Amino acid sequence: MRDAWRDDRIGSALRGENPAVLRRLDAGFAVIGDVQFLPGYSVLLTDDPAVRRLSELPRGGRLAFLDGMDRLGEAVERACRRVETGFRRVNLEILGNTDGFLHAHVWPRYDWEPEELVRRPVWLYPRRMWDEERYALGARHDRLREAIGEELDRLAGRDRPTAPPGAG
């Protein structure tokens with residue numbers, strides 16, 4: 001049975017009902033992906049379900065969304081280096097071909113991936129991997145999920161402005 005929050009990912013995130021949400025960012029929500037055949041796969045969702053493309057946001061909104069994508073990408077990279085084995089890099093993508101709302105994919109990539117796929121787009125993985133229960137997000141991903149959240153918190157702390165020496 002499909003969870004109702006999946007039919008309204010952004011609305012459920014805004015209402016605090018989306019269990020995939022890792023953190024609220026300035027221009028959206030960092031969420032862990034439904035499938036985890038590449039552990040750590042995450043998505044940045046816009047916080048406005050009416051926004052379909054990056055170009056629909058005002059310049060400041062675009063920059064905030066791209067900053068969130070960068071922050072989530074770095075958090076996934078740091079967490080996967082710490083928690084997973086064989087981490088190589090992250091791929092960042094804004095596609096929008098399936099879901100009509102603005103979102104960005106953050107795909108960790110690993111040395112243990114099949115040779116014929118390791119340097120290719122994730123979308124070339126066999127369809128069955130997207131649907132197999134063993135790759136579905138579950139409790140076994142809690143450690144990685146927590147690690148990504150911790151890294152998002154660290155990055156948010158790093159980016160906060162600090163008072164100049166002698167101020168206040």
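This is a predicted model: local features need pLDDT of at least 70, side-chain atom pairs count only at pLDDT 80 or more; totals for chains, interfaces and linings use all residues.
Residues are numbered from 1 along each chain as its sequence is written, and side-chain values use heavy atoms, with hydrogens and water left out.

- Helices (H or I, at least four residues) and strands (E, at least two) are DSSP runs, numbered from the N terminus.
- Strand 2 (residues 28-32) has five of its five residues buried, so the rest of the structure largely encloses it; buried here means under 20% relative accessible area, exposed over 50%, and partly exposed in between (1.4 Å probe, protein chains only).
- Strand 1 (residues 21-25) runs antiparallel to strand 2, joined by four bridges, and the two make a hairpin with two residues between them. Strands count as paired if DSSP finds at least two bridges between them.
- One of the bridges there puts V21 with V31 of strand 2.
- On to strand 3 (residues 42-46), where five of the five residues are buried. Both of its faces are covered, with S42, L44 and T46 on one side and V43 and L45 on the other.
- Strand 2 and strand 3 are antiparallel partners over five bridges. Here A30 sits opposite L44, and F29 has L45 as its bridge partner.
- Strand 3 also pairs with strand 5, again antiparallel, through four bridges. In this pairing L45 stands opposite H103.

- You'll find E113 in the loop between strand 5 (103-110) and helix 3 (127-131).
- E113 is buried, at a relative accessible area of 4%.
- Its side chain reaches the backbone nitrogen of Y110 at 2.6 Å, and a polar contact of 2.6 Å links it to the side chain of Y125. A polar contact is a pair of N or O atoms within 3.5 Å; within protein, one must be able to donate a hydrogen and the other to accept it, and residues adjacent in sequence count only if both atoms are side-chain atoms.
- Leaving aside residues up to four places away in sequence, E113 touches L38, V118 and Y125, where contact means heavy atoms within 4.5 Å.

**The largest pocket**

- The largest pocket holds about 950 Å³ of space. A pocket is an open set of points on a 1 Å grid over the protein atoms alone, with protein on both sides within 12 Å along at least five of seven lines; lining residues have an atom within 4 Å of a point.
- It has 34 lining residues, and R9, D34, Y41, D99 and W130 are the closest to its centre.
- Helix 1 (9-14), strand 2, strand 3, strand 5 and helix 3 each give two or more residues to that lining, with helix 3 giving the most, at three.
- By class, the pocket lining has 16 nonpolar, seven polar and eleven charged residues. Ala, Val, Leu, Ile, Met, Phe, Trp, Tyr, Cys and Pro count as nonpolar, Asp, Glu, Lys and Arg as charged, and the others, Gly among them, as polar.

**The cavity**

- Searching the whole structure turns up one cavity of 30 Å³ or more; a cavity is a set of grid points where a 1.4 Å probe fits but cannot get out.
- The largest cavity holds about 30 Å³, a volume being the space filled by probe spheres set on points joined across faces, edges and corners.
- L25, D26, A64, D67, G68 and R71 line the largest cavity, and helix 2 (residues 59-83) gives the most, with four residues.
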